[in-house]
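The points below may be read alongside the sequence and the three-dimensional view.

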Amino acid sequence: MAIEWRTLQHNFRRGGPHAIIHPDAIVVQSQIGDYTDIGSHWTVRESTLGDYSYLAGTDGVVHYATIGKFCSIASHVAINPGDHPMDRVTQHHCTYRRRRYDLAATDDETVFAWRRGRACRVGHDVWIGTAAQVMAGVSIGSGAVVGAAAVVTHDVAPYQVVAGVPARRLRSRFQAPVVEKLLRIAWWDWDRPTLEARFADLSHVERFVEKYGT
């Protein structure tokens with residue numbers, strides 16, 4: 001199926017002129033940046049996706065999350081997949097999605113407010129591998145890597161590589177002085193003309209930090 005523009009409903013805020021959203025994606029009350037891609041059967045709910053970031057492949061979810069720029073998020077990833085209230089007699093959502101079961105005229109909005117209060121935050125230039133899960137309230141720092149099928153239950157520092165169930169730190173992508181310079185440069189905030197002028201330098205770390213990290 002060809003990828004095309006789609007405005008899904010009135011409360012969806014379309015991104016920039018270069019954003020591409022698959023017709024099968026569901027985007028609700030979310031803000032989508034420029035040069036972004038959202039693949040088929042992704043669900044994005046009450047979230048922000050920064051410029052140049054993409055949700056690849058198919059069948060992923062992003063709920064109540066802020067995702068930065070230049071993020072690479074693979075197929076079948078779940079970011080803030082949703083908790084159930086365990087302190088009730090039943091964990092089934094009939095106690096808060098009451099209208100669905102004709103049990104009340106209104107839903108229990110306290111549960112949805114609780115979920116919104118445990119939003120996820122993903123920095124810039126983060127790579128999240130296939131089928132990884134980022135649980136409620138977790139923050140992932142810029143430049144980090146989350147391995148495929150990892151379950152992230154704790155915050156991840158910038159430029160750290162984590163993997164496993166639960167996810168554990170494996171190493172840092174770069175030595176601390178390089179990380180500090182990259183965070184200070186914050187190249188992901190460059191405007192388009194600056195990005196184009198300096199684009200070739202993005203492939204060479206040592207040259208990049210020497211040139212722009214002073």
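This is a predicted model: local features need pLDDT of at least 70, side-chain atom pairs count only at pLDDT 80 or more; totals for chains, interfaces and linings use all residues.

With which residue does Arg99 form a salt bridge?

1. Arg99 pairs with Asp107 in a salt bridge, and their closest N and O atoms are 3.1 Å apart. Asp107 is buried, since its relative accessible area of 17% is under the 20% cut-off.

2. The structure holds 10 salt bridges in total. One of them joins Lys69 and Asp189, with the closest N and O atoms 3.2 Å apart. This pair links distant parts of the chain: Lys69 belongs to the loop between β9 (65-67) and β10, whereas Asp189 belongs to the loop between α2 and α3 (192-198), 120 residues apart. Lys69 is partly exposed, at a relative accessible area of 22%, and Asp189 is also partly exposed, at 48%.

3. A further salt bridge brings together the side chains of Arg118 and Asp83, at 2.2 Å from N to O. Arg118 is in the loop between α1 (109-116) and β12 (120-122), and Asp83 is in the loop between β11 (78-79) and α1, so the pair ties together parts that are 35 residues apart in sequence. Arg118 is partly exposed, with a relative accessible area of 30%; Asp83 is partly exposed as well, with 22%.

4. Helix α2 (residues 176-185) has Val179, Leu182 and Ile185 as buried residues. Seen down the axis of α2, the buried residues fall within an arc of 130 degrees, so they line one face of the helix. The face turned away from that buried side carries Glu180 and Arg184, which are exposed. Among the elements covering the buried residues of α2 are β19 (168-172) and α4 (205-212). Just after the helix, Ala186 adopts a positive phi of about 50 degrees.

5. Strand β19 also belongs to an open sheet of 8 strands with mixed pairing, in the order β1-β4-β7-β10-β13-β16-β18-β19. Both β1 (20-21) and β19 stand at the edges with a single partner strand each, so one side of each is left without a neighbour in the sheet. Strand β18 (residues 160-163) runs antiparallel to β19 and is joined to it by 4 bridges. Ala163 stands opposite Arg168 of β19.

6. The side chains of Ser72 and Tyr54 are joined by a polar contact of 3.2 Å. Beyond its neighbours within four places in sequence, Ser72 is in contact with Tyr54, Val126, Trp127 and Ile128.

Key. Residues are numbered from 1 along each chain as its sequence is written. Side-chain values use heavy atoms; hydrogens and water are left out. A polar contact is a pair of N or O atoms within 3.5 Å; within protein, one must be able to donate a hydrogen and the other to accept it, and residues adjacent in sequence count only if both atoms are side-chain atoms. Contact means heavy atoms within 4.5 Å. Buried means under 20% relative accessible area, exposed over 50%, partly exposed in between (1.4 Å probe, protein chains only). Helices (H or I, at least four residues) and strands (E, at least two) are DSSP runs, numbered from the N terminus. The arc is that of the directions from the helix axis to the C-beta atoms. Two strands pair if DSSP finds at least two bridges between them. A salt bridge is a side-chain nitrogen of Lys or Arg within 4 Å of a carboxyl oxygen of Asp or Glu.
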